[in-house]
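Have the sequence and the 3D view open side by side.

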Amino acid sequence: MTQTEVKKDIHWVGAVDWKVRDFHGYSTYKGTTYNAYLALDEHPTLFDTVKKGFEGDLLHRLRSHIDPAQIDYIVVNHVEMDHSGALPEMVEIVRPKKIFCSDMGHKAILSHFHRPDWPLETVASGQTISIGRRTVQFLETRMLHWPDSMFSYLPEDRLLVSSDAFGQHWATSERFDDQVEMTELMRHAAKYYANILLPYSKLIPKLVAKIQELGLVFDTIAPDHGLIWRAEPGRIIEAYAGWAAQKPAKKALIIYDTMWHSTEKMAHAIYKGLVGQGISTKLLDLKSNHRSDVITEVLDAAALVFGSPTLNNGIMPLLADFLTYLKGLKPENKLAAAFGSYGWSGEAVGIITRALEEMKMELVAPGIKVKHVPTADDLAACLALGDQLGRRIQERLA
Ligand code: FEO
């Protein structure tokens, strides 16, 4: 039987979504979980709910511990629908005495569910409530990753219920970090950070400082997605600190789409130049690599090289998609360059270059345009671009 007790009398009561494959643009090819937690105490308390459609799983798990009508409090750490979609049904069944949420959560609950009659109670950052033998302290984590987001800290249990932060989209029968393979767990955690939390990286050190300032001591982190960190909670905190710093590794990505392989030939020549300088380099054809997996690689890449042929005075749709997605995630500290083939008008390299400038990437050299099919000289120029980028990466990391 799956172990679901997080701490004595605190249980995981969430749902496993084995089938979801798209999370607003993020490829969840291994599914996800919607974690909710039940603290059995004088005032039984439910932390978060689940996505609409998974109410039955939540209720089934709650009923294995308690009659849901006996739950006194619901804590809404985050209003996004994957955690609050089941809230209306739960409120009907539980009839909670209080629903605790942040000030921004209060506004978001009203604008999602339009139920001013619900017993909403706003809590401030640092505020504590008693649920019986335990206290719960709330910590607002605005924009990590919504304005309403907050953590719940249970000091007696040394437990941090961390909402979306420290999560992973990974459906498993296991619930804890020590029950799965750590390398795979960290890979899912990195993908989750890169695709969801990257734009808010500047807030991570502030959050860690706030946790220290409040003196929160915990040995378990229970996020709203994926595995619970009980063996190595420090490992994910440390990883977040590293990812938030966006410190580049000796690594480059060549991200491209191609029509009749001319742009692809250019990509391979640039690759040779980079590898010749000892740079770990990945060739990422967007037809073969999902945008959200490419973003995971972007996390520690020092240089991003983008290629597209010109198509109808523009760029290939997969690269347009990727650049839009990337821009929203606001990566920092990236060297960049553009390349591409064309038939007659040749706008693609200019379009890519302007997108890179808008993202404040450091362009290492002017983009390379090639008419129709690259000559040996064209490919030599591409190789030289890779070589130049490789040397620039080494200078930056020296
Ligand atoms: Fe898992 Fe922001 O919701």
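The largest cavity in this predicted model holds about 40 Å³ of space. The structure has one cavity of 30 Å³ or more. Rolling a probe the size of a water molecule over the atoms shows where empty space is left.

Which residues line the largest cavity? They are Tyr 26, Ser 27, Thr 28, Tyr 29, Lys 30, His 169, His 188 and Lys 191. Strand 5 and helix 5 are the elements that each give two or more residues to this lining. Sorted by class, the lining has four polar, two nonpolar and two charged residues.

Now turn to helix 10, which runs over residues 317–329 and has 13 residues. From its first C-alpha to its last it reaches 19 Å, close to the 18 Å expected at 1.5 Å a residue.

Buried here means under 20% relative accessible area. In helix 10 the buried residues are Leu 319, Phe 322, Leu 323, Tyr 325, Leu 326 and Leu 329. Seen down the axis of helix 10, these residues fall within an arc of 165°, so they line one face of the helix. The face turned away from that buried side carries Pro 317 and Thr 324, which are exposed.

What do the buried residues of helix 10 pack against? Three of their partners are strands: strand 5 (26–27), strand 17 (251–256) and strand 19 (303–307). The others are helix 5 (182–197), helix 9 (291–298) and helix 11 (348–358).

After helix 10 comes Lys 330, which has a positive phi, near 50°.

Methods: Residues are numbered from 1 along each chain as its sequence is written. This is a predicted model: local features need pLDDT of at least 70, side-chain atom pairs count only at pLDDT 80 or more; totals for chains, interfaces and linings use all residues. Side-chain values use heavy atoms; hydrogens and water are left out. Helices (H or I, at least four residues) and strands (E, at least two) are DSSP runs, numbered from the N terminus. The expected span of a helix is 1.5 Å times one less than its number of residues. Buried means under 20% relative accessible area, exposed over 50%, partly exposed in between (1.4 Å probe, protein chains only). The arc is that of the directions from the helix axis to the C-beta atoms. Contact means heavy atoms within 4.5 Å. On a 1 Å grid over the protein atoms alone, a cavity is a set of points where a 1.4 Å probe fits but cannot get out, and a pocket is an open set with protein on both sides within 12 Å along at least five of seven lines; lining residues have an atom within 4 Å of a point. Grid points are joined across faces, edges and corners, and a volume is the space filled by probe spheres set on the points. Ala, Val, Leu, Ile, Met, Phe, Trp, Tyr, Cys and Pro count as nonpolar, Asp, Glu, Lys and Arg as charged, and the others, Gly among them, as polar.
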